[in-house]
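Hi,

Here is the structure I promised to send over. Have a look at it first, then read on for what turned up.

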Amino acid sequence: MRKLLLMSLVLTLTLLNQAVAQSKTVSGKVTDQTNAQGLPGVAVVVKGTSVGTTTSADGTYSINVPANSNTLVFRFIGYLPVEKTIGNTSTINVGMALDNKQLQEVVVTGYATKSKEEFTGAAASVTGEAIKDRPVQSFAQALTGQAAGVNIVQPNGVLNNPPVIRIRGINSISLSSFPLVVVDGIPIATGDASPNSAANNPLGDINPSDIESIDILKDAASTSIYGSRAAAGVLIITTKKGKQGKAKVSYDGWVGTGVAARLPELLNAEQYVEYKNEAVRNALSVNTALVPTAQRDANGVSFFPGEGNVDTKWYDEIYRRSVSQNHTFSVSGGNENTSYYFSAGISDQDGFIKTNSFTRRNTRLNINHKVTDWFNFRGNVTYSNSMNMAPQTGSLPGTSFASSGLARLALVLPPNVAPRNADGSYNITGSNTIGQGKNLAAITFQNPLPIMDLNTNTSENTRLISNIGADFNIFKGLTARTTYSYDRGNTENIQFWNPQHGDGWSWGGQAFNSTARRENWNWVNTLQYETTFGEKHNISLLAGTDVQKTTVDTWGSVRQTLTDVGFDLYQAGYTTNVAGGNGISYRAYESYLSSLNYNYGGKYFLSANFRRDGNSALATKQRWGNFGGASVGWALSEENFFKNSSLANTVSNVRLKGSWGRVGNGNLPSDFGSYSLFGTGLYGDISTLAYAQAGNEFLSWETSDQTNIGLDLAFLNNRITFETNYYKNDVNGLILEAPQAPSKGIPGNSILQNVGSMYNEGLEFSLGATPIDRGKFSWKTNFNLTLNKNEVTALAGGNAPIPGVTQLETANLTSVGNSVGSLWVVRTNGVNPQNGRRIFINKKGEEVQYLHGGGANAWTYLDGKVASAVTAADASAMYNTLPTWYGGFNNNFTYGNFDLSIMFTYSGGNYIYNGTQAGLRDQRFWNNHTDVLSRWQKEGDQTEIPRPIFGDNVSNGSSFPIDVNVEKGDFLRLQNTVLGYRLPAQLFGKTGISSLRVYGQIDNAFLLTKYSGVDPEISTNGNSNLAPGVERNTVPQGRMFTMGVNLGF
Amino acid sequence: MNILNKTNKKYLLRLALLSIPLAPMMSSCADDFLEAQPRTSVSVENAFDTPERVEAQANGLYATIKSGAFLGGRYQVYNDVRAEEFINRLNNGVTGAWAYAHTIGGDDTYLANFWITGYLAINRSNLFLEGLDANATKIDPAKLQQYKGEAKFVRALTYFYLVQIYAKPYAIDNGASPGLPLRLKGETGPDNNGMARSTVAQIYAQILKDLNEAEAELPSNYSSGSLNTTRAHKNTAIALKTRVYLTMKNYAKVIEEGNKIVSANAPFTSPNRVAHALQSNIKNVFTNYTTTESIFSMPMTNNSAPGTQNQLGYYYNGSPNGNREYYLNVNATGIKGIYTNSQFRDTDARKTDLTATISGQRYVTKFSGVTPFTDWVPIIRYSEVLLNLAEAEAEVGSQTRAIALLEAVHKRSDATWTYTGTTKTDLIDAILTERRIELLAEGFRTNDIMRRGLAIPSVGAGAQIPVADSRYTFPIPTREYQTNPLL
């Protein structure tokens, strides 16, 4: 009561005072220093009083200033506060500068937020602004080149194909090396959620425009709070929140068009006929059995020009110029107690592969409300629907040799056969092959047109992700936080293969529908205490629990043989129904975590994390593990001796940091891997039970001991920043599908075991600078470089090497002393100029030449003596597939209202197995790359292309991988270029528009590389650790042009 | 002092609020929260809990060898296309083109699957035998004995099918060549990867030991024709023994075993237990799968089909879904197939009813070309037993009975034919030719060539492949070499 009286008195006095004293009016405009745009909602306060106002939509204000006051303070979230002396002026215009510290220099470490100063781990932060306008399906695709230590490869141009993300190298062999992705507190599913040819990356359910920041935690000091889940790093996604001030309304939209980039050059019809007939002639000269009599005429000719000399460009039948569009609308704002962010978006993207599309509709509401001074409420909810549709591209893991794979068909189909008959019907035969035109040779591939037109492959997510949370400030410094998250998704998969042609033909039509019900909840409770004592001792303690349970129930069936071939739906009539796509999955984590942060006067830093994790996928006795890490830091530049030295004039920041920690990898491939199980089945129509899984009751954690030593430097008042880190991750107890001798008859020939170890060691450099900052013109640049070395140091079964399979061929081998997933191929030594035969080098190092069809004389030494056949077992050359250096080079220019951003990415030191090239030089009826035209024809010809012999699949590397098809993967790519123009504010008048920017953007504008395949950034085997760096019959990457607007009210 | 002063009250209120969310969390973290129990599998400890489960395990052994990747289709195809009867149409490595061309390597997925699936069946048999002993008290004694016999039969059959393709023939050196790792102990853990190859003779000795024991332990018959065809009984073990002894060139034993299930004179039927006999019309054998002629077959149903690119009908047949992967070799010169052999006459029902011309080429239509290709896959037919016996009689016994047995098989499909040869060699040739006609596309051809130590006349390789050639046998899978240090 007394307080109230007092306040009334003060109020009255103030009013009186105002009435008595002479006041004056000051007005002006507040703008953003960088672009001279008016800033609405800026608080303008007379210093030392409660007198204040906010700027209007165009940034103007007007305020009555009491006579005895002489200073105005301008405050706006995200900007540095400005104080202006009033003096005699009545107009004060202010340009406010962004507070970089506040905007960028915060690291979200999962359970807490730290300022960059007190953070002593290794992390990188990417703003939502950097990714929101990129023509991608998921935010992860836009992270390429954005941060040191993070290597991202988009496997190919199939829409929403999950990218391969490697933080500081490959950090596991059998378990996923994909980082943990945490969205607003809840770890969510990654990988491909689709069982059919429509890639479905569930990260695409999140609209990239809704993301405020992505923090990438790299070392154990930052990730160990995530304990067992953090071995491959952590991506922390924070979605947008409303900011205090007037409601901001924005619309971001783009339209784009894309094409397939860098398709190999193929033989045309005339070249094809001539070249293949030469191969047939050569074959007949070796052994007439090589070409069946039915497949050649009396003159030994098998290939003939098609009707009307048809010259089909199969690329044009399969690829197209795509058109995509994306729109996001949002409203955000708040007052001192409540803030909100609402958005709705639609993305409608078409791929450059015909019938490939991605459509997402999503809406989000984030709200934050301060209920009382001690109780804060948070809530986020997003609902989305993502529809993925893709034909059978043969470009997803495990499908590269599919006979219906469109990428492969585009390469191998003969150009002298037509896709359609004269009457417009499909050119197909009754035995599921394309019509062979006038060729006598059997053309046994399929026609891609009915496969694209008549088949359906979709995977559709309906997803709700929500969090509800509260913060309780129990007393000063002590905060309790609780957050419950619920992530609920259904994935509906539809696959229909038509009965006329393609994979459905032999079934008389096949439909396979399945649905997955995913439920994922997570509850985090933490108690945090922060205090300062003795003025300089700053301490923060955190303790908490984290519980998560994820269940996935899938069910479905396969229906075969349509009762009427005219139908094209699962719901139609079929003669045969069998089970398909049924499964249950259960994964639970229970965790207890704690962390301590201490700093002394902002100079000396110490932090420690400890986490105890239980994981349901491990053996009962082994499932609890302890993880943790510690780090120290020293801000040398905060020491007085430094501040007083002359060095301080140029060097504005020097910080040293070091960390060590142990994290784990709990991404077990099976929920029930520790159990020995019997599975049920059928013998005819009788039930069976059979030993189906060899469990391991000792299955325990795979751990990673991570060391990081870092140095941060800044010069010229932070105009130039430099950060470097040395790291070493020792991965131990690798959980491997330890290969068992097949003769033991262990189901799957493997047992999950904790065997093996490897390490990643590297250096990261990040250099940021603002070389030019002259008001109107500025240039900001950031260059990052990562050097990484991976080496396997122990494996299961006495270091038995582990092969890496690309569906039907094995081009990779993981072995001790080499990097994981290295290429393992047979060496060759060119083509013998005397006879045009490929010279192979066998296990003993001997040169052996191959004559296709030569029977017992197929393999001979160069002197003609018969040699043992060279096989895959003669492989002796090993090539690293992991880039040893990679990074990005980003430049942002502004000139007046123009902005230009140019981002390069580069990578190298790795080798790629170009299996596609093997296929493009195969001497069956397949079409070839134009490079075969330089084949050996006569004695003395010096060439890399052997004498073509029809049917030869050995000399080119189809039969087993050879080093001819191994190439360096070094490249420099202009990843992204954006030119934007901000329309002058005066154009908007009273429309209410506050800002309007238009831009044009090119993704993948050019690529400099000596790699001859479609793209050095390719991963036919997706996220595979054991078979990386392989290109095999994969669609290329796209080149994308987009134009867009950013409109603000 | 009032401890419930205003400030303290406020804190207490807040703590109470906090405890609300914490309480249910504790309960959710009950002991079983981290127990993920597989709900669609049976754990090892419970696999012998009920008679139904034990019975299901016995059937699981047969189901293992029935896999389309092994005896459910692909094994038969790979054995037939390596020799002279078929020509490859599609040059597809996934459907045997490399086996056909004799360029197949140890890293071939499908070739490795024979080894992998075979040894899976062997290990499951070993584990089942061990489990039966450990749980003997829980199981009806008669059933216990039957299951042991069945496990031994499956193990013997599997070793026999593997040793024939991965090792040199027994007959060339009485089994002195390297055979297979002889695994007779159940494996469930990471140990024992290393095991050297036993000799071919040792493998055959084990096969015979298992079959002799199985003969004693197996029942005389089952309650239905379907069970008599799909599960081993005494005659099944005896029938297989005739083939095993024939492969070992132990003709006297072929006759001894054969006489247990073949009458002395025509019409030949089994005098003991299941009354095996030839069906009057061979076509019926491939539509009615459970006659007494089908001694042992792999049953197929819609829900238990051979699977993609394993189906015999898909390989050999055409319309509507057969892919015509291989057509019959009718070449007039060079390496000739059985189709043009004079013993295979145009009047033969096996030609008129079981082959057909499709798109200009001749195909085997024994197996339907209709998805999902549920034709049962014959493993042992009575006609084969008669021919086994005929060959043994021709070699060391009664020429008369040999001719009678040969004619019994031939005349069933071509009544006007008579054997006209004069010498022992003629007779043996005629019997071997008859096998090619009778068992065409049933997976016998290459094994029949190899057991006699002959060169393989390969259309695909365009050459005769002699015994000494490394291509004569299939290479042992690379994976076995990589993981078995003692191989």
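Before the helices, one convention: the expected span of a helix is 1.5 Å times one less than its number of residues. Also keep in mind that this is a predicted model.

With that in hand, take helix 16 of chain B, residues 399–413. Its 15 residues reach 22 Å from the first C-alpha to the last, close to the 21 Å expected. Which of its residues are buried? They are Arg401(B), Ala402(B), Leu405(B), Leu406(B), Val409(B), His410(B), Arg412(B) and Ser413(B). The cover over them includes helix 12 (282–285), helix 14 (349–352), helix 15 (382–396) and helix 17 (424–438) of chain B.

Buried here are Leu427(B), Ala430(B), Ile431(B), Glu434(B), Arg435(B), Arg436(B), Ile437(B) and Glu438(B). These buried residues pack against helix 14, helix 15, helix 16 and helix 18 (445–451) of chain B.

For this part of chain B there is a record to go with the geometry: an unreviewed UniProt entry lists residues 336–454 of chain B as "domain: RagB/SusD". The span is 47% helix and 11% strand, and its end C-alpha atoms lie 16 Å apart.

Helix 15 of chain B also holds Val385(B). Is that residue buried or exposed? With 28 other C-beta atoms within 10 Å, Val385(B) counts as buried, because 20 or more is the cut-off. Leaving aside neighbours within four places in sequence, Val385(B) is in contact with Ala239(B), Thr242(B), Gly258(B), Ile261(B) and Val262(B). The C-alpha atoms of Val385(B) and Glu257(B) are 10.0 Å apart, although 128 residues separate the two along the chain.

Helix 10 of chain B runs over residues 234–247. Its 14 residues should span 20 Å at 1.5 Å a residue, which agrees with the 20 Å between its end C-alpha atoms. This helix is mostly covered, with 14 of its 14 residues buried. After helix 10 of chain B comes Lys249(B), whose phi is positive, near 60°.

Now for how the chains meet. Contact between them involves 86 residues of chain B and 86 residues of chain A. On the chain B side, helix 1 (6–28), strand 1 (42–43), helix 2 (51–66), helix 5 (109–134) and helix 19 (478–483) each supply at least two residues. That side of chain B divides into 37 nonpolar, 35 polar and 14 charged residues.

Last, chain A. Its domain assignment gives domain 1 (2–98), domain 2 (104–120 + 123–242) and domain 3 (814–1048). How far apart are the centres of domain 2 and domain 3 of chain A? Taken over C-alpha atoms, 26 Å separate them. Their contact takes 24 residues from domain 2 of chain A and 28 residues from domain 3 of chain A. The domain 2 side of that contact divides into 10 nonpolar, 12 polar and 2 charged residues.

Cheers

Notes. Residues are numbered from 1 along each chain as its sequence is written. Chains are lettered from A and ligands numbered from 1 in the order in which they are written. This is a predicted model: local features need pLDDT of at least 70, side-chain atom pairs count only at pLDDT 80 or more; totals for chains, interfaces and linings use all residues. Two residues are in contact if their C-beta atoms, placed from the backbone, lie within 7 Å. Helices (H or I, at least four residues) and strands (E, at least two) are DSSP runs, numbered from the N terminus. Ala, Val, Leu, Ile, Met, Phe, Trp, Tyr, Cys and Pro count as nonpolar, Asp, Glu, Lys and Arg as charged, and the others, Gly among them, as polar. A residue is buried if 20 or more other C-beta atoms lie within 10 Å of its own, exposed if 12 or fewer, and partly exposed in between; C-beta atoms are placed from the backbone. Domain bounds come from an automatic or database domain assignment. UniProt positions are given in the numbering used here, feature names are shortened, and annotations may be inferred rather than shown by experiment.
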